[in-house]
Amino acid sequence: MKQDNQINNVVFKKLKIAMQYTSEDILGFMTEAGFTMSNAEITDILRASSHKKYKIAGDQFLRKLLHGINLVQRPDTPKDEVIVSE
């Protein structure tokens with residue numbers, strides 16, 4: 001398995017492939033969750049870990065992505081719903 005700090009990248013890649021999301025979809029989810037990022041940042045996260053422009057996806061990134069997907073897929077969810085973090 002990958003190192004602990006790369007787990008979020010693996011989850012992100014597998015989710016993107018399994019659900020057939022495009023980069024525009026991901027940007028839409030992040031915007032819906034109130035998190036701004038560029039297409040280049042998404043590309044950096046999706047790169048191979050050996051690439052020089054590889055970027056590790058933090059916990060906040062994955063948390064906001066899942067929250068944005070929830071808001072888009074379940075529009076009846078209140079936007080101001082608090083995300084509980086440990």
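Student: What percentage of the 86 residues in the protein chain do buried residues make up?

Tutor: Buried residues make up 30% of the 86 residues. The model is predicted, and the values discussed here are computed from it.

Student: What elements does the protein chain have, and in which order do they run?

Tutor: The protein chain has four helices and zero strands. From the N terminus on, the elements run α-α-α-α.

Student: Why is Ser23 called buried?

Tutor: Ser23 lies in helix H2. Its relative accessibility is 18%, and buried means under 20%. The value is under the cut-off, so Ser23 counts as buried. Leaving aside neighbours within four places in sequence, Ser23 is in contact with Lys16, Asn39 and Ile42.

Student: What makes Gln20 count as exposed?

Tutor: Exposed means over 50% relative accessible area. Gln20 has 67% relative accessibility, so Gln20 counts as exposed. Gln20 is found in the loop between helix H1 (7–18) and H2. Its phi is near 55 degrees, which is a positive value in a residue other than glycine.

Student: Why is Glu32 called partly exposed?

Tutor: Glu32 is in helix H2 and has a relative accessible area of 30%. Buried would need under 20%, and exposed would need over 50%. The value for Glu32 lies in between, so Glu32 is partly exposed. The C-alpha atoms of Glu32 and Lys64 are separated by 9.1 Å, and these residues are 32 residues apart along the chain.

Student: How do you know that Lys13 is partly exposed?

Tutor: The relative accessible area of Lys13 is 24%. That value falls between the 20% and 50% cut-offs, so Lys13 is partly exposed. Lys13 has its place in helix H1. Not counting residues up to four places away in sequence, Lys13 touches Ile45, Leu46 and Arg47. Lys13 and Leu46 are 33 residues apart along the chain, and their C-alpha atoms are separated by 6.4 Å.

Student: What makes H1 roughly perpendicular to H3?

Tutor: H1 and H3 pack at an angle of about 105 degrees, with their axes 9 Å apart. Angles of 65 to 115 degrees count as roughly perpendicular, so H1 is roughly perpendicular to H3. Asn9, Phe12, Lys13 and Lys16 in H1 meet Ile42, Ile45 and Leu46 in H3.

Student: Why is H2 called roughly perpendicular to H4?

Tutor: H2 and H4 pack at an angle of about 90 degrees, and their axes are 7 Å apart. That angle falls within 65 to 115 degrees, so H2 is roughly perpendicular to H4. On the H2 side, the contact is made by Ile26, Phe29, Met30 and Glu32. The residues of H4 in this contact include Phe61, Lys64, Leu65 and Gly68.

Student: How do you know that the buried residues of H3 line one face of the helix?

Tutor: In H3, the residues Ile42, Asp44 and Ile45 are buried. Seen down the axis of H3, the buried residues fall within an arc of 160 degrees, so they line one face of the helix. What covers the buried residues of H3 includes H1, H2 and H4.

Student: Which residues touch the most other members of the largest nonpolar core?

Tutor: This core has 13 residues, and Phe12, Ile26, Phe61 and Leu65 touch the most other members. Helix H2 (23–32), helix H3 (39–46) and helix H4 (59–73) each supply at least two residues of the core. H4 gives the most, with four residues. In soluble globular proteins, nonpolar side chains tend to be buried together.

Student: Which residues is Leu65 in contact with, leaving aside its neighbours within four places in sequence?

Tutor: Leu65 is in contact with Phe12, Leu15, Ile26, Phe29 and Met30.

Student: What share of the contacts with a separation of 6 or more comes from residues 24 or more positions apart?

Tutor: Such residues account for 57% of those contacts in the protein chain.

Student: How much accessible surface does the protein chain have, and what part of that surface belongs to carbon and sulfur atoms?

Tutor: The accessible surface comes to about 5900 Å², and 51% of that surface belongs to carbon and sulfur atoms.

Definitions and conventions: Residues numbered from 1 in each chain as written. Predicted model: local features only at pLDDT ≥ 70, side-chain atom pairs only at ≥ 80, totals over all residues. Heavy atoms only, no water. Core = buried A, V, L, I, M, F, W, Y, C linked by side-chain atoms within 4.5 Å. Buried < 20%, exposed > 50% of the residue type's maximum accessible area, 1.4 Å probe, protein only. Contact = heavy atoms within 4.5 Å. Arc of directions from axis to C-beta. Areas by Shrake-Rupley, 256 points an atom, 1.4 Å probe, with all protein chains shown as cover. Axes fitted to C-alpha atoms, helices over the stretch in contact; angles between N-to-C directions. Parallel < 35°, antiparallel > 145°, perpendicular 65-115°, else oblique.
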